[in-house]
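Q: Could you show me how to read domains, strands and helices in a structure such as this one?

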Amino acid sequence: MRKTTALRAAAAATAALLTATACSSQRGQNDQSTAAGGACKGQQTTGITDKTIKLGGVYPLSGPASAYGTISKGVAAYFKYVNAQGGIDGRKVEFVVRDDGYQPPKAVEETRRLVEQEKVFAVFQTLGTPSTAAVWDYLGRQKVPQPFVATGASVWGTDDRHPWTIGWQPNYVAEARVYAKYLKDERPKAKVAVLYQNDDFGKDLLGGFKKAVAGSGVKVVAEESYEVTDPSVSAQMASLSRSKADVLLDVTTPKFGSQALAADAKDTEWNPLHILNNVASSAAVLQPVGFKNVQGVVSATYFKDPADPQWADDPEVKTYRDALHRYAPDADPANQFNAYGWAVASSLHKALDAMKCPTREGLRDAVRNLKDVKVGMLLPGVTMSTGPGDAFPLETMQLMRFKGERWQLFGKPVDTREEFGPLTK
Amino acid sequence: MSTITAALGSDRARRLRAALTGLLAAAAAVGAPFYFAPFQVFQLTMVLLYAVALAGLNLLVGFGGQISLGHGAFFAAGAYTAAVMLDRYDTGHLATLPVAAAGCFVLGLGFGVPALRLRGLYLALVTLSFAVFLPPLLKRLQSVTGGSMGLTVDKLEPPAWSGLAEDQWMYFAVLAVTAVVLLLARNLLRSRVGRALLAVRDNESAAEVMGVRLSLHKTLAFAWSAMFAGVAGCLYTWVIGFVSPDSFSFVLSITLLAGLVVGGLASLYGPLLGAAFVMYVPSVSQDVSEAAPGVVFGLLIIAVMFAAPTGLAGLPGRVRGALARRATRAATLDRTPGAPSAPGANPKSLAEPGPAAVLTPAEPAAVDADPVGAPPRTEKE
């Protein structure tokens with residue numbers, strides 16, 4: 001009899017549901033994609049009015065990659081700051097953040113929520129290659145812009161079937177080219193050992209590096225890979241040490257970056273020039289190894305490090321610190337990820353300003369037609385440029401060397417576009 | 001009163017009511033995609049898909065009394081089978097389903113072998129190792145699986161004649177498969193195999209004495225269970241259109257197990273409730289607290305397990321039981337002051353008809369219902 005009561009409850013619920021269906025359907029609401037008039041006739045104006053603009057972002061606030069989730073705080077702080085200044089071209093920004101826990105199915109669900117329920121104007125940033133790859137087909141079909149995704153894979157720029165998606169940060173190939181140029185200029189006969197993460201990120205960077213040094217005196221003499229799930233890279237480091245290469249290209253994520261630096265410091269027999277990729281270059285990686293052990297390590301960057309006293313009087317960094325203090329008091333202004341969020345949000349601001357039509361199509365075209373756009377948080381000499389056949393906003397980086405207790409920039413910003421030509425598939 | 005309930009509970013009436021409820025549930029299931037927004041239809045699709053995996057896990061954990069922390073891996077195997085077939089051989093979506101099911105059945109058969117010798121936590125560890133080791137393996141086999149970038153495949157497209165939107169078509173496809181699978185699970189449990197499984201769970205030695213072949217049924221339980229997980233994985237590929245090793249970390253296995261326990265072990269509709277919990281509660285907890293959705297999710301699981309130790313499926317029964325007890329107590333209290341006016345009558349005997357009448361409806365259930373919310377007995381040395 002317990003069962004029949006449950007059945008009765010189910011029947012009642014069903015009846016209620018059917019009645020509700022008969023009364024009204026929620027489906028119809030979705031087809032109200034609004035269209036613009038005038039010169040922008042027929043273009044979509046979902047999520048944008050004369051007074052507001054609604055953006056949505058999907059970040060890993062929980063899960064294994066939750067350290068990156070703080071980027072959303074930098075972004076949100078920027079938009080709050082801009083709203084206090086009167087908004088973007090008079091439009092107040094509403095920024096909706098959802099958590100995908102770095103899981104692609106969750107990213108799909110949350111992206112659909114943003115598009116269909118929240119009715120955002122654009123999905124501003126999905127974070128991570130898997131999450132972005134899981135939703136770009138969907139967003140392309142729905143014709144929703146997906147500007148400035150937070151991942152450095154080169155596929156966002158080389159692909160030509162997804163006009164609605166574009167990256168932002170210098171892609172891994174561009175970074176590899178910066179190191180290649182440095183070695184070709186400074187150590188034309190270098191023998192390079194490479195430690196890399198066995199995934200798209202590691203392979204993108206390694207492949208770009210090999211291509212960039214092809215035909216020069218710089219040779220890759222040893223390569224070792226590791227899995228994200230490996231406990232340590234000490235075995236790989238031992239075998240690279242036997243190659244007696246004079247340069248170590250360290251393509252790792254933070255945890256393994258620390259391990260590789262420590263292993264390199266411990267190995268007194270082998271003292272190569274240690275090039276650490278940008279992903280693992282934060283102070284949090286270097287500190288546990290001991291600053292005295294990482295002197296002279298080389299890396300590259302493209303935006304201002306908020307912890308660097310060199311930028312203490314920089315107006316943009318000051319604004320950033322004040323705004324973060326006011327609008328995201330629990331976020332640490334010295335954290336590079338917050339600065340990254342700030343920089344990418346202000347880049348989007350510039351792109352929104354450049355829209356010819358205040359429509360989704362307008363934004364899609366604007367991010368693909370940037371001409372040397374300066375953004376305050378980026379290093380001097382680093383600007384955003386895109387155009388037909390070039391879907392990489394940032395391709396310039398500057399080298400830095402670790403000295404004392406912080407990174408010091410050296411040389412000139414390297415525009416890899418100029419040096420190596422456009423990046424293609 | 002008891003005669004009325006007896007009449008209501010008679011076989012024919014019950015069957016009629018069951019048919020009616022089934023009809024209504026079917027109508028609701030079919031009507032839902034025309035009512036809800038596409039995004040909500042997508043969520044419902046995911047609930048159905050997880051329910052298939054949970055139904056499989058339920059066979060093993062709830063009815064078989066074994067424990068598996070590796071069902072995320074079978075799920076992944078099914079998903080990758082479908083994705084690789086679609087990506088490399090461009091077979092239709094429908095063709096991937098039997099292959100994924102058969103492949104995972106065989107895989108489960110293989111994994112059922114340790115289940116013969118190990119039990120309880122030891123078996124859990126072996127299956128966990130499978131879940132931990134599969135994602136790195138998928139990354140290594142890059143030529144087939146696309147490595148850590150994963151594979152993007154075509155989603156299920158609605159044919160032109162149907163006139164349905166993409167989300168509706170996917171929903172109906174998944175609904176059809178889910179209905180078949182859940183029916184299969186139900187029938188399986190009512191067959192010889194199911195009875196044998198229950199017997200093995202409740203007392204291995206007794207079951208063996210009765211002529212149940214332990215090795216066969218334990219292995220088969222694993223295989224069936226893996227097959228269901230594989231089918232769910234295949235549906236996942238249809239719906240999401242993207243697989244990557246990181247989608248199937250061992251957290252998925254644990255989420256599935258948590259979903260099943262929350263939904264209700266050894267219950268036929270527990271998997272549906274568990275799937276809804278797994279699907280909706282993380283989003284809800286994110287709305288509650290943006291800073292720490294994980295904490296809210298964890299607290300909710302604790303709250304559910306505290307309020308309903310037998311899972312959500314067992315909750316109505318427990319509530320009714322509690323109400324009946326309260327009614328008994330109330331009845332006892334009511335009659336006690338009246339006792340002096342009826343001298344000689346024992347208050348206790350007066351109170352008896354009350355609770356008896358209330359309790360009667362619950363009695364047949366104890367006989368005919370499957371052990372709703374029976375705790376898994378994994379260790380009984």
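**Reading the model**

A: Let us begin with the domains. Chain A is divided into domain 1 (43-170 + 303-394) and domain 2 (173-301). The model is a predicted one.

Q: How many residues of domain 1 of chain A are in contact with domain 2 of chain A?

A: Eight residues of domain 1 of chain A are in contact with eight residues of domain 2 of chain A. By class, the side of domain 1 that touches domain 2 has five nonpolar, three polar and no charged residues. The centres of these two domains of chain A, taken over C-alpha atoms, are separated by 29 Å.

Q: In strand S10 of chain A, which residues point one way and which the other way?

A: Strand S10 covers residues 298-301 of chain A; Val298(A) and Ala300(A) point one way, Ser299(A) and Thr301(A) the other way, and all are buried.

Q: In which sense do S10(A) and strand S11 of chain A pair?

A: S10(A) pairs with S11(A), residues 396-403, in the antiparallel sense over four bridges. Within S11(A), Met400(A) is the bridge partner of Ser299(A).

Q: Which residues are buried in H8(B)?

A: The general idea comes first. An α-helix has 3.6 residues a turn, so residues three or four places apart point the same way. In H8(B), the buried residues include Met170(B), Ala173(B), Val174(B), Val177(B), Thr178(B) and Val181(B). Their cover includes helices H2 (11-35), H3 (38-63) and H11 (214-240) of chain B.

Q: What length does helix H8 of chain B reach?

A: Helix H8 (residues 166-190) of chain B has 25 residues and reaches 36 Å from its first C-alpha to its last, close to the 36 Å expected at 1.5 Å a residue.

How values were computed:
Residues are numbered from 1 along each chain as its sequence is written. Chains are lettered from A and ligands numbered from 1 in the order in which they are written. This is a predicted model: local features need pLDDT of at least 70, side-chain atom pairs count only at pLDDT 80 or more; totals for chains, interfaces and linings use all residues. Helices (H or I, at least four residues) and strands (E, at least two) are DSSP runs, numbered from the N terminus. The expected span of a helix is 1.5 Å times one less than its number of residues. A residue is buried if 20 or more other C-beta atoms lie within 10 Å of its own, exposed if 12 or fewer, and partly exposed in between; C-beta atoms are placed from the backbone. Two residues are in contact if their C-beta atoms, placed from the backbone, lie within 7 Å. Two strands pair if DSSP finds at least two bridges between them. Domain bounds come from an automatic or database domain assignment. Ala, Val, Leu, Ile, Met, Phe, Trp, Tyr, Cys and Pro count as nonpolar, Asp, Glu, Lys and Arg as charged, and the others, Gly among them, as polar.
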